[in-house]
Amino acid sequence: MGVNSSVAGEDAARTRALAVLRIRSTALAVALLPAAFAVVLLVAGATGRIGGGGWDALRWAVVGGALAVLVLAGGVAAVIVRARPAVSPTVPVTEASAPELYRMVRDLAGRLQVPVPSAIALTPDCDSWLEDRSHQRRRTDRGARPADRGAGRRLARRAPQAPVLVIGSPFMWWMRVAELRALLAPVVAGTGPSADPDIAAARRFVRGLDAAVAVSAQGSATSGDPGGLARLVRRPALGFIGWVARLLLRGCRAHIAEMERAVAAAASERAQAVDYGLRIVAQEQVGLAYAGWDRLLTRVALPAWRMGRWPSRLDAGVVSALTELSRRDRLAEGFESRLGERPACDLLEEPGVIDEAASLLAARLFHGVPARPATGWSPVAWEAYPEEVVDRIWRSDAARLHRVLDELSPPAGVPGASGIVDGPGPAKATLARVLDRLARGGSEELAARISVLQAREEREQAHTEALVPTTVPTAAVGPEGDPATPVYQLLPPRTGRELLTDHVTAMVCCAAVDTAGAAPGLDWLDGPALLVGGTPRSDLSWPVLRLVENGDPAPLRSWLNAVGVRLEKPVRLV
């Protein structure tokens, strides 16, 4: 039943692909129509069937128009064919580095009776898909010898290259081998429709149109540089190419969407014959992995990235985060017992190396790699995270808070509400000074000044790094060599009130570490944590918010007294 449904779905996808190809043929016919009229007129004139001044003028006008249309059509076709479709930045996994993984995928493809994916790559995200990268092979062929290049083109026409299997790296560390196999079954089944020449040609055409639209948009945006006549010609030419590509895309949109839906349905039907029962369990693990991955990125990795450090074992951290979630959440009961089974990362020869590459790619995608890694952008191990990230964050924020207080403090020698004289020097870096200042009101001004100061520091750092020409690590860029800029925004920019709350919390933590024997720590689900007596204290947020938002220091003072923090003792700043 599943095989019959799969064949029907592939037939439906092929029908939609043929509709897309008919649109391509129609566009080609429209471009060739003026040339056909010109040929008819030229033949009629050469045979003497038409003649005279009027016919001669018409004939040469049609010939000129046909040549212009052919030039425009050739330019559009060249851009569509040569444009580089977008490729997802991934970490390539060679067969030598993961022979068992390749063996499992080949066995899976054999059971599903579909072509084997051409390669395997990992992405720092909770998703898996097939990605066609045949255009990369065509660019490689252009650099080969003419005989080899011709043979490669003939082979490509006979059998389209199988797509690359992209696997979410968190799945490799959290899922068990059997679960990963069940999860990948419907994905690998998609290589069957990908081998169909009509479906492959339709996808290639649409990807070319997408890339042409991107080329026209990018070229129009950057064509404002002085260039005289070349600029005047380039902008309308790119605009025309973009208009044609968008027109064709609008005509293909409905057909390509239905085609992809039919392909997905056919792959799902075909995969029902392999590990169908286990796939339900695997899908439950997908949701859990996504939750843990999101918490790890936003609560743990992002603070480190902001400090110029990148955790080098993010995927291994997923296991710790999800194990902790299993302990806390009753809905996750029983998941921890899975850890006794063989993890999918055992299918890799050197999982630590792959994890490090995926972690660096995650930093590039979600935060951006600094232009000058030597300024402090370096990996950090989980065991060093509390001292090298958490403590540095707290002390940097505390130093920034006191710098703002220096700008707003009364003249030197005027005592504050606690009796401590406000004046220059290290003695000012006390928690008592912060509490007294916030209790007097004006949090809005403090928040605004902290926001301005932090933004200025970030601009100065970016400017300093931009002045030094350095190269970005190879592992930090995608396979297309795209620039190391953030692609996704994990969290919206923090407001001034949020920044002030973070800075006050950091000052409290510094005082607790320096005066009460507390220590910086790492909570796998909540990020930086204050350890008092070896136990994380999660009850600090409300007293700090009460102080920042209402100017009421009483709850925080009670908390500090319970922990044993000395308010009047200066803390160490960096």
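Modeller: Buried residues make up 44% of the 574 residues in the chain. This is a predicted model: local features need pLDDT of at least 70, side-chain atom pairs count only at pLDDT 80 or more, and totals for chains, interfaces and linings use all residues. Residues are numbered from 1 along each chain as its sequence is written, and side-chain values use heavy atoms, with hydrogens and water left out.

Biologist: Why is Trp 382 called buried?

Modeller: Buried means under 20% relative accessible area, exposed over 50%, and partly exposed in between (1.4 Å probe, protein chains only). Trp 382 has 15%, so the label is buried. Tyr 385 has 0%, so Tyr 385 counts as buried too.

Biologist: What makes the pair of Trp 382 and Tyr 385 tilted?

Modeller: Rings of Phe, Tyr and Trp (its six-membered ring) pair if their centres lie within 6.5 Å; planes under 30 degrees apart count as stacked, over 60 as edge-to-face and the rest as tilted. Here the centres are 5.9 Å apart and the planes make 45°, so this is a tilted pair. A search of the whole structure finds three aromatic pairs. Ring pairs link Trp 382, Tyr 385 and Trp 524 into a cluster.

Biologist: Why is helix α7 called roughly perpendicular to α11?

Modeller: Helices are DSSP runs (H or I, at least four residues), numbered from the N terminus. Axes are lines fitted to C-alpha atoms, for helices over the stretch in contact, and angles run from 0 to 180 degrees between N-to-C directions. Helix α7 (residues 177-188) and helix α11 (residues 276-306) pack at about 95°, with axes 8 Å apart. Angles under 35 degrees count as roughly parallel, over 145 as roughly antiparallel, 65 to 115 as roughly perpendicular and the rest as oblique. So α7 is roughly perpendicular to α11.

Biologist: Which residues of α7 and α11 meet?

Modeller: Contact means heavy atoms within 4.5 Å. Among those of α7 are Ala 178 and Leu 183; those of α11 include Leu 278 and Val 286.

Biologist: How do you know whether Gln 113 is buried or exposed?

Modeller: Its relative accessible area is 67%, so Gln 113 is exposed. Gln 113 is found in the loop between α3 (99-112) and β2 (119-123); strands are DSSP runs of E, at least two residues. Gln 113 has a positive phi of about 60°, although it is not a glycine.

Biologist: What makes Asp 275 partly exposed?

Modeller: The value for Asp 275 is 26%, so partly exposed is the label. Asp 275 lies in the loop between α10 (229-271) and α11.
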